[in-house]
Amino acid sequence: MKSILLIGGAGYVGSVLSSHLLKLGYQVHVLDNFVYDNQFAVQQFLGDPDYKITFGDFCDKQVLSKASNGVTDVIILGGLVGDPITKKFPEESARINEKGVRDCMDFFKDKLIDKLIFISTCSNYGLIGEDELANEEFALNPLSLYAKAKVSAEKYLMSLKGSANYTGVVLRFATAFGLSPRMRFDLSVSEFVRDVYFGNELLVYDEHTWRPYCHVRDFSRLISIVLDADNDKVDFEVFNAGGEKNNFTKKMIVDEIVKFVPDGKVKYGQNGGDPRNYKVDFRKVKQILDFEPHYSVSDGIKELVMSFDMGFYSDCLDDMDKYGNYALKI
Ligand SMILES: NC(=O)c1ccc[n+]([C@@H]2O[C@H](COP(=O)([O-])OP(=O)(O)OC[C@H]3O[C@@H](n4cnc5c(N)ncnc54)[C@H](O)[C@@H]3O)[C@@H](O)[C@H]2O)c1
C-alpha cells in the first residue's frame with residue numbers, strides 16, 4: 001500500500017487532500033508544525049489507523065527523517081503561503097520556502113521514494129499580456145517574495161533530474177477555493193463571498209484582472225491522478241493545475257456572487273497594489289493526465305453561501321487569524 005508524506009498536510013489544501021487519499025485507500029502521513037494554530041484541521045483524522053501525524057518543522061532533518069520512515073511518495077505543500085505573510089516575515093520565509101524546500105528535495109534524493117510532487121503556483125506568471133495565455137513554457141515573472149521562492153524551488157527540483165532517485169513533478173496550482181477543515185478567507189473567492197454575505201461593502205481593486213481558480217477537491221483529485229500516473233508521463237514535468245473554465249476576472253467572480261447574494265454591496269477601485277494579471281493555459285494537464293476540474297467558481301460560491309446560511313464560520317470576521325495566513329503562532 002502506498003504511504004504518502006504530506007509536508008504541510010494540516011493546511012487548507014492538505015486537510016482536504018488527506019481525506020481524499022484516505023478514501024482512496026492510501027496511508028497518509030502528515031508532517032506539520034501548525035504555524036497558524038491550525039491543529040484543529042487534523043482532529044477528524046486522529047485515530048484512523050491509516051493516518052499518522054508528526055509534529056515538527058520540515059526544515060529540521062531529524063524531524064524529516066522521522067516523518068519519512070516507510071513513506072513511498074512525498075508531496076511538498078508546506079511553507080509560508082501567500083504574498084502578505086511572506087512579505088511580513090521575509091527571513092522566516094527564506095528559511096522555509098527557499099532553503100527548507102531545497103534541503104527537503106535533497107534529503108529524498110537517495111531515498112526509496114517513487115514520486116516527489118512540489119506544489120507551486122500560477123502566480124509565477126505574474127503579469128502577462130492581455131491576449132496571452134500562459135502555458136508551462138511561458139516566461140515566468142514572479143512579482144512577490146512568495147512566487148520568487150516558488151520559481152527558485154521549481155528550478156532546483158528540475159536541476160535534480162538525473163541525480164535524484166525519485167520522479168519529480170511540479171504542479172502550478174491556480175488560486176484555490178472551496179470548503180476545507182482549515183478554511184482560508186484570505187483567498188479571493190472566499191474573501192469576496194464572506195464580505196458580500198455579511199453585508200460589508202466589498203472593495204474590489206482592478207476588477208478586470210484575470211486569474212485562474214480551482215476547487216481544493218479538484219486539486220486533491222489531480223494529486224491522486226499524478227500519484228497513479230506512469231512515471232514516464234510525469235517525470236520532471238511541470239503542469240499548470242486547473243481548468244480553462246475557471247479563468248476568471250475579479251468582476252466575473254463578483255457577478256457570480258451577486259446571483260446568490262443579490263443585495264450585496266460592491267465598490268470598484270483602481271491600482272490596488274497587486275498587479276498580477278494572468279490567464280492560464282491548462283491544455284497540458286488535460287491532454288497528458290486527462291484532468292479537468294469538476295467544480296466551477298459558481299459551485300464554490302454556492303457551497304460557501306450554504307455554509308454561512310447554516311451558521312458555519314459565524315466567527316470568521318471576529319477571529320480573522322483563525323481563517324487565514326495572517327500571523328505566525330510559533
Ligand atoms: N491555497 C491556494 O490558493 C494556493 C494556490 C497556489 C499554490 N498553493 C500551494 O499549495 C500549498 C498548500 O497551500 P495551502 O493553501 O494549503 O496553505 P496553508 O498555509 O493553509 O498550509 C500550509 C501548511 O504548512 C504548514 N507549515 C508551514 N511551515 C512549516 C514548516 N516549516 N514545517 C512544517 N509545516 C509547516 C502550516 O502549518 C500549514 O499547515 C502551498 O505550497 C501553496 O504554495 C496554494
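Predicted model: local features only at pLDDT ≥ 70, side-chain atom pairs only at ≥ 80, totals over all residues.
Me: At what angle do α1 and α7 pack?
Reply: Helix α1, residues 12-23, packs against helix α7, residues 216-228, at an angle of about 60°. The two helices are therefore oblique to each other.

Me: And how far apart are their axes?
Reply: The axes of α1 and α7 lie 9 Å apart.

Me: Is the crossing left-handed or right-handed?
Reply: α1 and α7 cross in a right-handed manner.

Me: Which residues make the contact?
Reply: From α1 come Tyr-12, Val-13, Val-16, Leu-17, His-20 and Leu-21. Helix α7 contributes Val-216, Arg-217, Ser-220, Arg-221, Ile-223, Ser-224 and Leu-227.

Me: How many of those are nonpolar, polar and charged?
Reply: The contact of α1 with α7 has eight nonpolar residues, three polar and two charged.

Me: Changing topic: how many cavities of 30 Å³ or more are there?
Reply: A search of the whole structure finds three. The largest cavity holds about 60 Å³ of space.

Me: What lines the largest cavity?
Reply: Its lining consists of Gly-78, Gly-79, Leu-80, Val-81, Asn-97, Val-101, Phe-118, Tyr-146, Ala-149 and Lys-150. Six of the lining residues are nonpolar, three are polar and one is charged.

Technical notes
Residues numbered from 1 in each chain as written. Heavy atoms only, no water. 1 Å grid on protein atoms, 1.4 Å probe; cavity = no way out; pocket = protein on both sides within 12 Å on 5 of 7 lines; lining within 4 Å. Points joined across faces, edges and corners; volume = space filled by probe spheres on them. Nonpolar A, V, L, I, M, F, W, Y, C, P; charged D, E, K, R; others polar. Axes fitted to C-alpha atoms, helices over the stretch in contact; angles between N-to-C directions. Helix = DSSP H or I, 4+ residues; strand = E, 2+ residues; numbered from the N terminus. Parallel < 35°, antiparallel > 145°, perpendicular 65-115°, else oblique. Left-handed = near helix turned anticlockwise from the far one by under 90°. Contact = heavy atoms within 4.5 Å.
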